[in-house]
Amino acid sequence: MRLGAVVLTMGNRPEELRALLDSVAKQDGDPIEVVVVGNGAPLPELPPGVRTVELPENLGIPGGRNVGIEAFGPGGSDVDALLFLDDDGLLPQNDTAELCRAAFEADPGLGIISFRIADPDTGETQRRHVPRLRASDPLRSSRVTTFLGGANAVRTKVLEQVGGLPDEFFYAHEETDLAWRAQDAGWAIDYRADMVLHHPTTAPSRHAVYHRMVARNRVWLARRNLPVLLIPAYLGVWLLLTLARRPSRPALRAWLGGFREGWSSPCGPRRPMKWSTVWRLTRLGRPPVI
């Protein structure tokens, strides 16, 4: 299989970016063509052969990655699958690309692979980085219902069929939006513990827009993808979970503001998933109400 890689960067981690690109170049098998997208920032000097796109403004994570996809032809069609990698990540094993090729070739219905993210110093995988509810054992691979944004591989036929990431989300939940659309079209998603991306342990709330974007996009995700009957159940569960976590007053204020914004602002096209997809997600252990 022909593999490409999309790396999104703000240009502020040149050493980490170079290390990531070196780890991609060391992968076994055929060379991986790489496109680095400068998301509203100039790019540093990069290794020969790495293609670059410099955007005049920050389009957000999904918008920037979509530009990277189109750099490989419409829907990424110049290659068979695309790796999406964080610019401060690193592939510590040289066989990750070959494992991806083997997984896609062995299962024609497999559309997306989610890698295991591990801290380079401790080897720890944060619970939030295991894309399933039963996350206590990150070393267990399984079929899942969503995937991790900066550590994954997507078959380009999925992108050609259901489209790319939702540009308007900017940050947060864009992977679940694509995952739900892919599964509604019949594609499967696997979490593979043996495909590792090293990434420093971080908290998602380090981003200033985190609480507002998470809440707004949660509403958009439901409005775009869920049957009408499930929308209040899904958003009600997440409202209760948010309150149960006892966020600080400023964080809760930002979250509630984003929640209201999700109802009052356009969310893009609505394509509710089939009830058979709801049942499929439920059988995989994560019904689309949580």
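## Two parallel helices

Helices α6 and α8 are roughly parallel to each other, because their axes pack at an angle of about 30° and angles under 35 degrees count as roughly parallel. This is a predicted model. Helix α6 spans residues 210-225, and helix α8 spans residues 249-264. Their axes lie 7 Å apart. The crossing of α6 past α8 is right-handed.

Which residues in α6 meet α8? They are His-211, Arg-212, Val-214, Ala-215, Arg-216, Val-219, Trp-220 and Arg-223. On the α8 side, the partners are Ala-251, Ala-254, Trp-255, Gly-258, Phe-259, Glu-261, Gly-262 and Trp-263.

## Helix α5 beside α6

Helix α6 also packs with helix α5, residues 174-184. The axes of α5 and α6 come within 10 Å and cross at roughly 15°. That angle makes α5 roughly parallel to α6. Here too the crossing is right-handed, with α5 passing α6.

From α5, the contact uses Thr-176, Asp-177, Trp-180 and Arg-181. From α6, it uses Leu-221, Arg-224 and Asn-225.

## The nonpolar cores

How many residues make up the largest nonpolar core? It has 30. Val-36, Leu-85, Ile-113 and Phe-115 touch the most other members. Several strands give two or more residues to this core: β1, β2 (33-38), β4 (81-86), β5 (110-118), β7 (151-155) and β8 (188-198). A second, separate core has 28 residues. Among them are Val-6, Leu-8, Val-144 and Val-162.

Val-36 has contacts beyond its neighbours within four places in sequence. They are Val-7, Thr-9, Leu-17, Leu-21, Leu-43, Leu-46, Val-50, Arg-51, Thr-52 and Val-53.

## Val-7 in strand β1

Val-7 lies in strand β1. Is Val-7 buried or exposed? Its relative accessibility is 0%, so Val-7 counts as buried. Leaving aside neighbours within four places in sequence, Val-7 is in contact with Leu-17, Leu-20, Leu-21, Val-34, Val-35, Val-36, Val-37, Leu-85 and Asp-87.

Arg-143 is 136 residues from Val-7 in sequence. In space, the two C-alpha atoms are 25 Å apart.

## Thr-96 in helix α3

Thr-96 belongs to helix α3. Thr-96 is buried because its relative accessible area is 1%, and buried means under 20%. Beyond its neighbours within four places in sequence, Thr-96 touches Gln-27, Leu-91, Phe-115, Met-195 and Val-196.

Where is Met-1? It sits in the segment before β1 (3-9). Met-1 is partly exposed, with a relative accessible area of 22%. Setting aside its neighbours within four places in sequence, Met-1 is in contact with Asp-80, Ala-81, Arg-101, Phe-104, Glu-105 and Arg-155.

Met-1 and Val-130 are 129 residues apart in sequence. From C-alpha to C-alpha, they are 26 Å apart in space.

## The annotated stretch

An unreviewed UniProt entry carries the annotation "domain: Glycosyltransferase 2-like" for residues 6-161. Over residues 6-161, the chain is 26% helix and 24% strand. The end C-alpha atoms of that stretch are 19 Å apart.

Technical notes: Residues are numbered from 1 along each chain as its sequence is written. This is a predicted model: local features need pLDDT of at least 70, side-chain atom pairs count only at pLDDT 80 or more; totals for chains, interfaces and linings use all residues. Side-chain values use heavy atoms; hydrogens and water are left out. Helices (H or I, at least four residues) and strands (E, at least two) are DSSP runs, numbered from the N terminus. Buried means under 20% relative accessible area, exposed over 50%, partly exposed in between (1.4 Å probe, protein chains only). Contact means heavy atoms within 4.5 Å. A nonpolar core is a set of buried Ala, Val, Leu, Ile, Met, Phe, Trp, Tyr and Cys residues joined through side-chain atoms within 4.5 Å. UniProt positions are given in the numbering used here, feature names are shortened, and annotations may be inferred rather than shown by experiment. Axes are lines fitted to C-alpha atoms, for helices over the stretch in contact, and angles run from 0 to 180 degrees between N-to-C directions. Angles under 35 degrees count as roughly parallel, over 145 as roughly antiparallel, 65 to 115 as roughly perpendicular and the rest as oblique. A crossing is left-handed if the near helix is turned anticlockwise from the far one by less than a right angle, and right-handed if clockwise.
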